[in-house]
Amino acid sequence: MKSKLLAWFAHVSVKYNKAVLIIGLGFTIACGVISEQLVIKANMKDLMPQSHPTVKGYNEMTENFEAASNVIITALGKTEDLKKFADEVAPKIEKLDQYVYRVSYKVNRDFLRKHALMLIKTKNLKTAVSSYEHLGLKEYINGINDNFEETYIVDDEGISSSERENNAITSLDGIKVWLKTMHDFLTARDTTEENARIAVDNMLLGEEYLMSPKKDMVLITAFPKFTTDDIDRSTLLINEINEIIYATADKYDGIEKVGIAGSMALIVEENKALSEDSNFTSLLAFILIIVTFIISFRMWSSPLLAGISLIVGIIWTTGFATLLVGHLNIMTSIFGVILIGLGIDFNIHVISGYLENRSAGMNNTDALKTTFAKAGGGILVGAFTTSLAFFSLMVTQNAGMKEFGLISGAGVLFTMLASFTVLPAMLAFQDISRRRKILKLKKKLATLPYQNPEFEKLKVRLEKKTRKQEKLKTPSFQLLGVLSEKIKKQPVLYLSLALALTVLTILRGKEIEFNYDFMSLEPPGLTSVAMQDSLIEKFNTSPDIVFVSANTMEQSRVIAEEAKDVPRIGLTSSISDFVPSEKQHKERVPYLSQIRKYLDENKADTLTENEVDELIEQLYRLEDNVIELAQMAFTGGQDRLDEKAEEIIGDPDVPANERMRMVEELTQLIQDDPQRAVKAFNLFQRHYEPHLRATAISMSATGRITLDSIPEDILSQYISKDGSQFLVTMFPKEQIWNLNFLESFSAQMQQIDQQITGTPIIYYILIMLIGKDGSIAAILTLIVVLLLLTLDFKSLKASMLTMIPLILGTIWMVGIMKMVGIKLNLLNVMGLPLIIGIAIDYGVHIMHRFKIEGIGRLKSIFNSTGKAVVLTSITTFLAFGALGFSSHRGLASLGMTLAIGIVTILLATLVVLPALLSITNKKSNNQI
Amino acid sequence: MKTLKAILLMTLIYSSQAQNLSLNEIMDRVEKNEKIPSSITQVDQTIVTSKGKSRVLSIEGYSKNSGDDQLSLYTGPARVKGDKILMLNGGDDIWFYTPRTDRVRHLASNARKQKVQGSDFSYQDLEQRDYQEDFEMDLLGSEEISGVNHYTVLAIPTASGPDYAKLIFWVNQENFVVSKVEYYEDALLSKTLYASNVKKIDDYWIAMKLEMRNNESGSKTLLETREIEVNVDLDDSRFSTNFLKRN
């Protein structure tokens, strides 16, 4: 059946070569046109099974909530320039209203002015009351001290949670600005009312811009009208924003670096890199392979035909992938290179056999028939084994491997089909045309008298063409035959060497580590990755958010409250932060009323010279409080808070007399001239007191805050587009690429709510899936290969013998990976099942020939088939080697892994297989 | 041959003894190791944050009344030099002093749950336990750790016990040192303590290295005892708030 089918292919391709070529061309053009629709989806989410509840939840939420998808523009530099930059950039981005709903870069101070005190936790509000008892400078600082001590020093929660740490940073920021303003008035640097107002606003409302605690990074968040699935619009938006921010940044000397963080920017950058990588590595692989082919066969026309056949097979596959899948993901983006490496092998076998037979004097039909009869079975079984190995990846759960299995499995079959149809048709067409030309020349020559000047010319041309026809030679690899003979004589020695290498590589290979850091697999120098790192460093939170939707606001409050106590969450936000519950409202009203009473009844007493010492005492108390807070932060590793405190109390590692201490400097100035100090501070008080009083009165409104009173810019961050759902957003405290962190973070999220989704959760599930899928795929591939081989060879012994070098070579591959410092990762782990499917062909071809010719002709088997195996492995190695030049480090590591695997399995096939064949055939005295 | 027989006999006697011990007897032996009447220690405390940053603090520890009263004096680095923590009455009263402000702070009564100087040990983790009183215990079985058999004991804290949902102790069957403790808050494993480098000082088996791993935050704290003196005569005045400021 198999041989009949192959003979039919040979017959049709030769006899109807033109028809085959025309049909092939038409099919190729159709596939090429369809392929125009193929897009690359670089999102990690696209590697996940799309039916997974977490992915479905993620998709639903990014569709339903504006805030679930965002673009974070970041800038590093000097505070004042950063603010100007943000003020200039935000309106420009807002104008891109075909892409974005809105832009957020400032805290809504108008809302806070009306409700800030109602939004403070009851416990903290209780301690804050005393701050408003007297608004005179001395008394106000006393109130700040009381509040500070109660909240951070005495309270058992201290600065234990991220929320409290962030609040402490905000408080210190307000204190710093207050002390600076006192200094400004004392030194008459700036005694304006505006300066006093700024001090009050910073103390009561906090920083207006979304800035890092050190004020060296500003964030501007744009909310796109589409998700990252819309890659075209994502790319356009990111490009537009990049143009705006780079052009604006150039205007400010104080801006050191700008860029975009967040998943949309990352995906756009990844897409570009993957697309460039895919084109570059495919072209490089193609050129390398064709050049190798030309050098090996010392001719250019056949390698060129092999190249055309290969391209045709790849175009067919691309059309198939477009129709069946519609997109490529990170894993499938390399299918072109994989097919170049594998598909060329079929062509090598066909051309090698064809040339051999033509050199032996056969006509082209016989040459092809003989080629297909001798090598066709091996090609067919090899291709089916490889494609089934790929197809077996489809049983995995993750979409990355599943789609890779489908596309590459089909691709192997398509390239094989091209080798059995287009290639022989082209070879036949070329041969027939060449013979026709010779015949024509001969006929013409016969009609010409030899005295004719044309005669000599034609004679030379004819001789040249005939020589070319006779010169069809294939490369010779005599060394392989010699080696196999040596191994045949001393099989135990070679098997022992192989065994020793296996033991060594097992010992090393079992220590191989897994790199879970997906960012480290990205192409180097991605701006989005660099800005994300800066963002985490400056803000102590990762932009890789997780979120969950709640059906009611109360439900969102419960989730948010629980999340705020989770140590691995850096920041939690929900609409409940802006709308206190009825109970909270009732609890807070008495304190707000008390504050209001103080504000209504008490006037701020002016400072007298007699009170200067008391003021100094309060200032030192304030410094002591900041010192104690800094001590707690230092020992607890809360560096951002410690650094913020240092801005007030100075660096404790600097000698006391050289240390910048705001309080010390201020008190020194006061003591130098108390009279002037009193005058200056009274002016400061006259400026700040009315504003402080008015703001505090406004902030202490006791009315209920309802959803209706929340401004749109806040509301849209938390309420779904249809108004029925409430979003709770949680920011991880660290980079999510550390497995230990991710594992416990995911567990903590699951404890809060099973429905929580987002990049970290998806990534964790993906790691688990790929780990599981990788093992399943490798085992399944082995089983499929074993079954197929047993069916083909009709002998379990033969199939086992074929598989032993494969298994040993794979073990050697892992050991060598460890030795050269390659770690396993989410992409190269796919190399294990792949290499089994790819490299099994080597043993298959040899075993096929062995079954026909037997142990007695081992040398000639390795001379002939061994040569083809070496050539095909060289081309596959070159293709994977080319993949090693990918800028995407994950794909490059996959290329390196496969290239190592090709070498080790080839070595195992050339050394272990003849030794095994020799031993088993001596013992049994039977042919397999 | 005689020697071999003797070893076998000893092993049999030992293992039968080990098997026959009741839970109370096991925990009494643990307490016997832990309840050192008084001691002076030199300890290095290394705090490794979840981001991998580490901070080493040197501490001079004084303990009296079988660990009910403890004073920790920070001797380095310069940033915390002179800071003192005084725990009295088995952790019911905790005082903190730093020379940078020269203030003594009495920590809130429920501060036992707080981290000690930002470490992964809370004050209650360092309190001396009275196992029979502080826990309801159950002997779960035995398990091997690093080739040594350990009793596994489930301990549910009573009112006087620490503020955890449950703890699991691994007690070394050879020296009755607690080699490992798991601390659970609700159903989640919150922290794990590993004790190693066990040495016999006078009559006490003491773990010179304690490592507390925080499973929630990913941080860990190492307490390595460089030197220890036991049964030392310590003046009561050392364990008073006056001493904090005075020295």
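Modeller: By class, the lining of the second largest cavity has three nonpolar, 11 polar and four charged residues, where Asp, Glu, Lys and Arg count as charged, Ala, Val, Leu, Ile, Met, Phe, Trp, Tyr, Cys and Pro as nonpolar, and the others as polar. This is a predicted model, in which local features need pLDDT of at least 70 and side-chain atom pairs pLDDT 80 or more, while totals for linings use all residues. Residues are numbered from 1 along each chain, chains are lettered from A, and hydrogens and water are left out of side-chain values.

Colleague: What volume does that second largest cavity have, and which residues are closest to its centre?

Modeller: Its volume is about 270 Å³ (the space filled by probe spheres set on the grid points), and A:Lys374, A:Ala375, A:Arg849, A:Ser864 and A:Thr865 are the closest to its centre, out of 18 lining residues. A cavity is a set of points on a 1 Å grid where a 1.4 Å probe fits but cannot get out, and lining residues have an atom within 4 Å of a point.

Colleague: And how much space is in the largest cavity?

Modeller: About 1,200 Å³, and among its 49 lining residues B:Gln70, B:Asp125, B:Leu126, B:Gln128 and B:Leu210 are the closest to the centre. That lining divides into 31 nonpolar, 14 polar and four charged residues.

Colleague: How many cavities of 30 Å³ or more are there?

Modeller: The structure holds 10 of that volume.

Notes
1 Å grid on protein atoms, 1.4 Å probe; cavity = no way out; pocket = protein on both sides within 12 Å on 5 of 7 lines; lining within 4 Å.
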